[in-house]
Structures are given as structure tokens and as C-alpha cells.
Amino acid sequence: MAENKIKITPAKGRPMLHWVGKKPLDYVKGFPTQLVEVFDPLNNGQRIETPAYDELKDNWQNLLFHGDNKDVLATLLELGFRGKIDLIYIDPPFSSRADYVRRVELRGIKGTELTNDEASILQQTMYFDIWNNDTYLQFMYERLMLLKELLADTGSLYVHLDWHVGHYVKLVMDEVFGQNNLRNEIIWCYEKPRPAERQFKRNHDVILYYCKSCEDWTFNVQYVPRKGEDKLTQRRPKTRPEGDIWEPKYEGKISPDWWVDIPSFATTMTAKERMHYDTQKPEKILEWSILASSNPNDLVLDCFIGSGTTAAVAQKLGRRWIGCDINKGAIQTTSKRLQKIILEQIKCIVNLLPNQA
């Protein structure tokens, strides 16, 4: 059988950062990946075994993959998703030199007495974040090149990082997407409970927001309450001369690139949102990103799905979505979270339907 090589477009910008082993992707090979779950909220029962874009576009079902995201992204290219993704949000490892571990209840062993060796498997490493700089930068370089291929011409990419590697990744993204396609360096400022030792407290993350093309990209202005206001208030819309077209207008100020109204999970989080996942991000961050850079029914991708926050918010906001993760625990967490959201949505729809005799 002939080897299927999927060509990758060269980086758009000028190389400004070098590392040992730096090598751009000229092509990738399509690999079989494990499609763990298809989310079909209308329960059509039409499971598509090979989720090609042409098969799904008129009968969309959200997709959750388990596997190395480089392989999954290559598979999506092979299946016809090149240029079809409207928005990408990723929260990759920060190269923080830490392991993230959580305790899980393995299915099928409830109430079983375990030996010490067996019990140790209840502690599961969600993912490791220990890299040397060269390996990390090559890892990100390859995936950013693949993500650019999948992104629509009007699409956008948000990459959530912190002080460890944010400055390095920005240079890599300048090379892959072009320096002029940086829209914002967003600062998410939050409160940390722990005091700093002989330094200022580190209490912000960086979100790098790039568009695929600086000629045209999707952006919907977002508003935040003015000082002293608890929430946005809606003004009465005006009727345009050409007809009864109603346009909502909000009192508030245009959102800056300094996000201070979103608390971290270390300080505040509702029990409903908490997934007991060390690197989980607040839904509000995803809400602002998705509302700003996509429209209803647009397709959102997160290839570091983690606790499933991107998929959860996309589902709530009426967007289609694709998620993947290399960790089985993350896939299980996301699947359980999305099933619950979809069931709640179905109940709401049923409650709105007229009573049938």
C-alpha cells in the first residue's frame, strides 16, 4: 500500500528562534486514531465510523479522540478538515517541571479490596510537564504548524500559557502564523492564596491570540461592566429605516486585553464547574474567547482537551466541537462532563415543547 503523505504549508513568518533539533514539518502521515465517542444530542443513532468532514458536514456529530494530538491532527487533515476549523483554543503544558496527578475511581472495582500494588493504580498521572526547552519547542512547533493547516482563513487560535514559556512560544507563533497576525497578548490576572517568597507574586497567565489571516478574521466585540456595575444592561435597540431589524446594544465598556474579572479556581469556583483537575481553567475564559472569535454553529477544536472545558462551553454556546487528549483520564472526564451538559440541554428542549395529548 502506498504511504499517504500529507503535505504541510511552510511557516509564514521569519524564523526568530532556534533550538537543537529544530525541523519544520514538510509532511505528516495519517495514522489510525481512536475515536472514543461521538456526541449525538438528538440521538439520531447514525454513528459514523470514519468521521470524514464530507460525511459529517450535513449530519454533524461532535468528536472526541484519544491519542497523541499530532497523530489526531494529521488524521483530521487526512479526513478533509483542512481549513474547516473556525476557532482553536489550546491549553498546552507550560513546561513547569511538574507532574499532575489525580486520584481516580477505576470502573468496575467499587467495593473490591485491593492489595497495595493494585491500589497504586488508583493514582493516575494526568500528564507530565517535565521538558527540556529544545524538546518542548519542537513539540509546540510541529503542532502549531498542523493547527494552522486546519484553521479556516477567517479562523483564530488562542494559546494559553504562563511565564515559563510564553515568551518562547510567542516567537514560534510569529514564525508559523506571521508576526502581523498577532491580535492580542491577553493577560488573565487572578489572585493566588500563597504568598511569594523573596519575589513578587506570580498571579497572571498569558493567552496569545492569533488569526490565520490579518486581512479578514471573525471577531465579535465583547463588553464588560463599567466600574461600580454588577452586570451588563441591555439598552432598547433602535429600528433601522430599512425594516424591523433589532440589534442588541449593551451598556458597558469594550473588553480590554487585561482580564481581571475571572477568578482562578484556587480562590473561587462553583461546585458545578469543578472537575478536580489540577490545570482546569474557568469556563468564563472560554466563554469570552468563543463568543469573540466564533459564531453559532462554528467549529471549535481543542487538542489538549484536559477536563473538557472548551468542549463544555462550545456545547453550551451552540458551537460544534472536536476534542482530543493523550490521557485516558482526561477523555473520561470530558465524556462524563459533556454527557451531563447534553442531557440538561435535552431536558430544557423537552420542557419547552408544547404538551402532547
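**Terms and their grounds**

Colleague: Which residues does E283 touch, not counting residues up to four places away in sequence?
Modeller: They are E273, T309, A312, V313, K316 and R337; contact requires heavy atoms within 4.5 Å. The model is predicted, so local features need pLDDT of at least 70 and side-chain atom pairs pLDDT 80 or more, whereas totals for chains, interfaces and linings use all residues. Residues are numbered from 1 along each chain as its sequence is written, and side-chain values use heavy atoms, with hydrogens and water left out.

Colleague: Why is E283 called buried?
Modeller: Buried means under 20% relative accessible area, exposed over 50%, and partly exposed in between, with a 1.4 Å probe and protein chains only. E283 has 14%, so the residue is buried. E283 belongs to helix α6 (residues 283–293); helices are DSSP runs of H or I with at least four residues, strands are runs of E with at least two, and both are numbered from the N terminus.

Colleague: What makes the pair of E283 and R337 a polar contact?
Modeller: The term requires a pair of N or O atoms within 3.5 Å; within protein, one must be able to donate a hydrogen and the other to accept it, and residues adjacent in sequence count only if both atoms are side-chain atoms. The two side chains meet this at 3.0 Å.

Colleague: Why is helix α2 described as largely enclosed?
Modeller: Seven of the 10 residues of α2 (residues 69–78) are buried, so the helix is largely enclosed by the rest of the structure. The buried ones are N69, V72, L73, A74, T75, L76 and L77, and their cover includes β1 (5–7), β2 (27–29), β4, α4, β16 and β17. At the start of α2, a side-chain oxygen of D68 comes within 2.9 Å of the backbone nitrogen of K70. Just after the helix, G80 has a positive phi of about 95 degrees.

Colleague: In what order do the nine strands form the open sheet?
Modeller: The order is β3-β4-β17-β16-β5-β8-β10-β9-β15, with mixed pairing. β3 (34–39) and β15 (258–259) stand at the edges, each with a single partner strand, so one side of each has no neighbour in the sheet.

Colleague: Which residues have the most contacts inside the largest nonpolar core?
Modeller: A nonpolar core is a set of buried Ala, Val, Leu, Ile, Met, Phe, Trp, Tyr and Cys residues joined through side-chain atoms within 4.5 Å. The largest has 55 residues, and F81, L144, L157 and I322 have the most contacts inside it. Its largest share, 10 residues, comes from α4.

Methods. Pairing = 2+ DSSP bridges.
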